Amino acid sequence: MSLTKEAIKEGLSNLQRSVDSNLFTLIDLNIPDQKITDIKTIAEFPHLQRVNLSGNELKDVKALAALKGLRKLDVSNNRLTEFLGITPLQRGLTHVNYSGNSIKSFG
């Protein structure tokens with residue numbers, strides 16, 4: 001199942017100031033356990049800072065690279081075999097949870 005804009009809107013919460021502007025935006029996305037396989041649509045929500053996509057069926061999370069202000073990421077218990085191709089310290093990530101996946105490479 002692909003992540004839809006409607007599902008994203010239902011999972012959004014926590015209105016705060018964006019990290020790269022003075023605008024207010026919803027910064028938390030919580031969509032666990034929904035059998036999601038594709039998250040390309042998440043790139044349309046670049047101000048997200050905390051994302052929980054645990055317990056889905058994700059094999060690829062490259063679309064998360066579009067989230068420049070991402071601080072906390074939970075993609076535990078999916079079907080991931082490699083880490084997202086970014087260095088957490090370069091991106092300002094303070095918390096990353098990949099537990100419950102079969103990580104084989106650090107791409």
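What percentage of the 107 residues in the protein is buried? And within that setting, which residues does aspartate 28 touch, leaving aside those up to four places away in sequence?

Tutor: The model is a predicted one, and the description below should be read accordingly. Of the 107 residues in the protein, 36% are buried. The protein exposes about 6,200 Å², and carbon and sulfur atoms supply 50% of that area. Among contacts with a separation of 6 or more, 25% link residues 24 or more positions apart.

The secondary structure consists of 2 helices and 5 strands, arranged along the sequence as α-β-β-β-β-α-β. The 5 strands form an open sheet with mixed pairing, in the order β1-β2-β3-β4-β5. Its edge strands are β1 and β5 (95-97), each of which pairs on one side only. From one strand to the next, the twist averages 20°.

Strand β2, in which aspartate 28 is found, lies between β1 and β3 in the sheet order. Strands of a sheet pair through backbone hydrogen bonds, either parallel or antiparallel. With β1 (residues 12-17), β2 (residues 24-30) pairs in the antiparallel sense over 5 bridges. One of the bridge pairs sets arginine 17 against phenylalanine 24 of β2. With β3 (residues 50-52), by contrast, β2 runs parallel, and 3 bridges join the two strands. Here aspartate 28 stands opposite arginine 50 in β3, while asparagine 30 has asparagine 52 of β3 as its bridge partner.

The surroundings of aspartate 28 can now be considered. Aspartate 28 counts as buried because its relative accessible area is 15%, and the cut-off is under 20%. Not counting residues up to four places away in sequence, aspartate 28 touches Gly11, Leu12, Ser13, Asn14, Leu48 and Arg50. Leu12, Ser13 and Asn14 in that list fall within the range of β1 (residues 12-17), whereas Arg50 belongs to β3. One of these neighbours, asparagine 14, also makes a polar contact through its side chain with the side chain of aspartate 28, at 3.3 Å.

In summary, aspartate 28 is a buried residue of strand β2; arginine 50 in β3 stands opposite aspartate 28, and the side chain of asparagine 14 is in polar contact with the aspartate side chain.

Methods
Residues are numbered from 1 along each chain as its sequence is written. This is a predicted model: local features need pLDDT of at least 70, side-chain atom pairs count only at pLDDT 80 or more; totals for chains, interfaces and linings use all residues. Side-chain values use heavy atoms; hydrogens and water are left out. Two strands pair if DSSP finds at least two bridges between them. Helices (H or I, at least four residues) and strands (E, at least two) are DSSP runs, numbered from the N terminus. Buried means under 20% relative accessible area, exposed over 50%, partly exposed in between (1.4 Å probe, protein chains only). Contact means heavy atoms within 4.5 Å. Accessible areas come from the Shrake-Rupley method with a 1.4 Å probe; for residues, only the protein chains shown count as cover. A polar contact is a pair of N or O atoms within 3.5 Å; within protein, one must be able to donate a hydrogen and the other to accept it, and residues adjacent in sequence count only if both atoms are side-chain atoms. Axes are lines fitted to C-alpha atoms, for helices over the stretch in contact, and angles run from 0 to 180 degrees between N-to-C directions.
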